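Visitor: Please take me through this structure point by point. I shall ask as I look.

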Amino acid sequence: MSISVLLVDDEQLVRAGLRAILESQPDIRVIGEAADGASVVPLVRQLRPDVVAMDVRMPLLDGIEATRAVLRAVPDPPRILVVTTFENDEYVYEALRAGADGFLLKRARPAEIVHAVRLAAEGESLLFPAAVRSFAAARGGNERAREAMDRAALTEREAEVLRLMARGLSNAEIAGHLVIGAETVKTHVSAVLAKLRARDRTQAVIAAYESGFVVPG
């Protein structure tokens, strides 16, 4: 099955470059483009993309607010990748907190861009490295996040899975590390997300860092 992508960026050259890269792949289709975040919700409703690749900084409605708008207004929303120039941008972290699933760098190599879109569509790996995790770690000890983590009452195995998720391991990698089946890992990940009331693993990992449940190092 092919992955459908909506491109959102105020620079036409960026959209054209992303389109050329993604459409060179047999399993990816670019089904629409927009020049600003204000157009995202109606286009998502109309086109139903699997993934939205969205610039984090745009003049009318930025990627943070556009992400919030999509998640509020669209049932079964698409995966959202914010597109950025700098990976340690505070805007990127705020977009992830708002519900984006990960990000990709505008300077990334074509293979990395394709890989990010595929990972986002699969939803089984994290799409932000240590540079962004440091923002979450700096908020470690957040009282509300700590209370939410306590209420979640994760089992010992679920806690172990969350720590491995925070290290960026995919479901398959977690299965190998714990020597358990992939389906069992999926069950544990689903339980972690449900207990933390997290939309996806990115939100769960942010909660883990902000609560102090996971610390860098």
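Visitor: Is Asp76 buried or exposed?

Guide: Asp76 is exposed, with a relative accessible area of 66%. Buried means under 20% relative accessible area, exposed means over 50%, and partly exposed lies in between (1.4 Å probe, protein chains only). This is a predicted model, in which local features need pLDDT of at least 70 and side-chain atom pairs count only at pLDDT 80 or more, whereas totals for chains, interfaces and linings use all residues. Residues are numbered from 1 along each chain as its sequence is written, and side-chain values use heavy atoms, with hydrogens and water left out.

Visitor: Where is Asp76 found, and what is its phi?

Guide: Asp76 is in the loop between α3 and β4. Its phi is positive, about 50°, although Asp76 is not a glycine. Helices (H or I, at least four residues) and strands (E, at least two) are DSSP runs, numbered from the N terminus.

Visitor: What about Arg48, then: which loop holds it?

Guide: Arg48 belongs to the loop between α2 (40–47) and β3. Its phi is near 50°, a positive value in a residue other than glycine. Arg48 is partly exposed, at a relative accessible area of 38%.

Visitor: How many bridges join β1 to β3?

Guide: There are 4 bridges between β1 and β3, which run parallel. Leu6 stands opposite Val52 in β3. On to β4: β3 pairs with it in the parallel sense over 5 bridges. There, Val52 has Ile80 of β4 as its bridge partner, and Val51 stands opposite Arg79 in β4.

Visitor: How many residues of β3 are buried?

Guide: In β3, 5 of its 5 residues are buried, and the strand is mostly covered. Val51, Ala53 and Asp55 point one way, while Val52 and Met54 point the other way; all are buried. Strand β4 is also mostly covered, with 5 of its 6 residues buried.

Visitor: And how many bridges link β1 with β2?

Guide: Strand β1 (residues 3–8) pairs with β2 in the parallel sense over 6 bridges. Val5 has Val30 of β2 as its bridge partner.

Visitor: Changing topic to side chains, which residues does the side chain of Asp101 contact?

Guide: The side chain of Asp101 makes polar contacts with the side chains of Arg79 (3.2 Å) and Arg199 (2.7 Å). A polar contact is a pair of N or O atoms within 3.5 Å; within protein, one must be able to donate a hydrogen and the other to accept it, and residues adjacent in sequence count only if both atoms are side-chain atoms.

Visitor: Why does Asp101 count as buried?

Guide: Asp101 counts as buried because its relative accessibility is 4%. Asp101 is in the loop between α4 (90–98) and β5.

Visitor: Finally, what sits over the ring of Tyr91?

Guide: The charged end of Arg57 does, at 3.9 Å from the ring centre. A charge sits over a ring if NZ of Lys or CZ of Arg is within 6 Å of the ring centre and within 35 degrees of the ring normal.

How values were computed:
Two strands pair if DSSP finds at least two bridges between them.
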